[in-house]
Amino acid sequence: MEFQKKIDGLWADAYELDRLITEHKETDTYPPSFFERTIHLLYKLKVGLRELEEYEMELTRQRMEEHKRLIESMPLDDEPLPEETLPQGGKEAKEVTEESAPTPEAEEVVRKLPEVETKAPEPVATAEKPGRSLNDMLEKKNLADFRKAFSLNDRFRFRRELFKGDEEAMNEAIDALNSLQSYDESVAYLSEALKWNLEEAPVADFLKLLEKRFS
């Protein structure tokens with residue numbers, strides 16, 4: 001995907017900028033090439049972040065339109081039935097019902113009947129989790145690609161601390177996680193295939209994001 005290539009390029013520029021600063025932070029002097037390269041990287045990051053912001057704004061607008069279309073497609077409870085759906089001959093049955101309205105004498109008898117206490121029906125338990133909204137479902141759908149669970153800082157940090165700065169290795173691991181169907185399978189993959197120590201802080205933070213994908 002073209003946009004995914006732009007994001008990968010953004011991570012590469014951010015990593016290069018971090019490397020340059022780390023190499024020179026202990027020195028007292030900086031060569032001219034350092035400033036030239038740093039300014040160039042900062043400009044590329046600014047442009048890339050602006051494109052990312054515009055993409056996210058467009059994605060949010062599309063979600064809102066989808067939400068609006070879903071609401072508009074739901075039938076209203078007080079919407080009258082069309083005449084052709086009425087029982088016993090449609091319009092004719094409606095006219096018969098209107099003619100058979102109760103007389104004043106019958107209404108008087110009904111008023112004298114003792115009132116019967118009624119209780120509201122018990123809510124029916126459903127299998128869905130409470131508070132499940134359309135936004136929750138859309139968010140879960142978006143996490144089908146685990147890359148979208150990361151913030152800019154998350155991706156930069158995980159690539160540096162968990163993948164030793166190897167962007168390709170990180171993408172391969174994420175592709176593997178996207179193919180798994182449960183949280184337990186994902187944890188087993190990280191522990192057995194990647195040999196991660198699940199007790200380490202960056203791994204624990206990675207697992208928190210991974211858990212959201214299956215919640």
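This note sets out, in numbered points, the main features of the predicted model shown above.

1. Basis of the note. The model is predicted, and residues are numbered from 1 along each chain as its sequence is written. Local features need pLDDT of at least 70, side-chain atom pairs count only at pLDDT 80 or more, totals for chains, interfaces and linings use all residues, and side-chain values use heavy atoms, with hydrogens and water left out.

2. Overall architecture. The protein has nine helices and zero strands, with the order α-α-α-α-α-α-α-α-α from the N terminus on. Helices (H or I, at least four residues) and strands (E, at least two) are DSSP runs, numbered from the N terminus.

3. Surface and burial. The accessible surface comes to about 16,600 Å², and 55% of this surface belongs to carbon and sulfur atoms; areas come from the Shrake-Rupley method with a 1.4 Å probe, and for residues only the protein chains shown count as cover. Of the 215 residues, 25% are buried. Buried means under 20% relative accessible area, exposed over 50%, and partly exposed in between (1.4 Å probe, protein chains only).

4. Contacts along the chain. Contact means heavy atoms within 4.5 Å. Among contacts between residues at least 6 apart in sequence, 64% join residues at least 24 apart.

5. The largest nonpolar core. A nonpolar core is a set of buried Ala, Val, Leu, Ile, Met, Phe, Trp, Tyr and Cys residues joined through side-chain atoms within 4.5 Å. The largest one holds 18 residues, of which Phe146, Phe150, Phe158, Leu162, Leu190, Trp196 and Phe206 touch the most other members. Helices α6, α7, α8 (183-193) and α9 each supply at least two residues of this core, and α9 gives the largest share, five residues. Apart from this core lies another, of 10 residues, including Ile7, Leu10, Trp11 and Leu20.

6. Aromatic pairs. Rings of Phe, Tyr and Trp (its six-membered ring) pair if their centres lie within 6.5 Å; planes under 30 degrees apart count as stacked, over 60 as edge-to-face and the rest as tilted. By this rule the count is seven aromatic pairs. Phe146 and Phe150 form an edge-to-face pair, at 5.0 Å centre to centre and 70° between the planes. Phe146 counts as buried because its relative accessibility is 0%, and Phe150 is likewise buried, at 10%.

7. A pair between distant parts of the chain. Phe158 and Phe206 are also edge-to-face, with 5.2 Å centre to centre and 75° between the planes. Phe158 lies in helix α6 (residues 152-162) and Phe206 in helix α9 (residues 201-212), 48 residues apart, and the pair thus links distant parts of the chain. Phe158 is buried, with a relative accessible area of 1%, and Phe206 is buried, also with 1%.

8. The ring cluster. Ring pairs link Phe146, Phe150, Phe158, Phe163, Trp196 and Phe206 into a cluster. Leaving aside residues up to four places away in sequence, Phe206 touches Phe146, Phe150, Phe158, Leu162, Leu177, Leu190 and Trp196.

9. A buried asparagine. Asn171 is in helix α7 (residues 167-178) and is buried, because its relative accessible area is 14%. Not counting residues up to four places away in sequence, Asn171 touches Asp8, Arg147 and Arg155.

10. Phe35, in helix α2 (residues 32-73), is partly exposed, with a relative accessible area of 44%.
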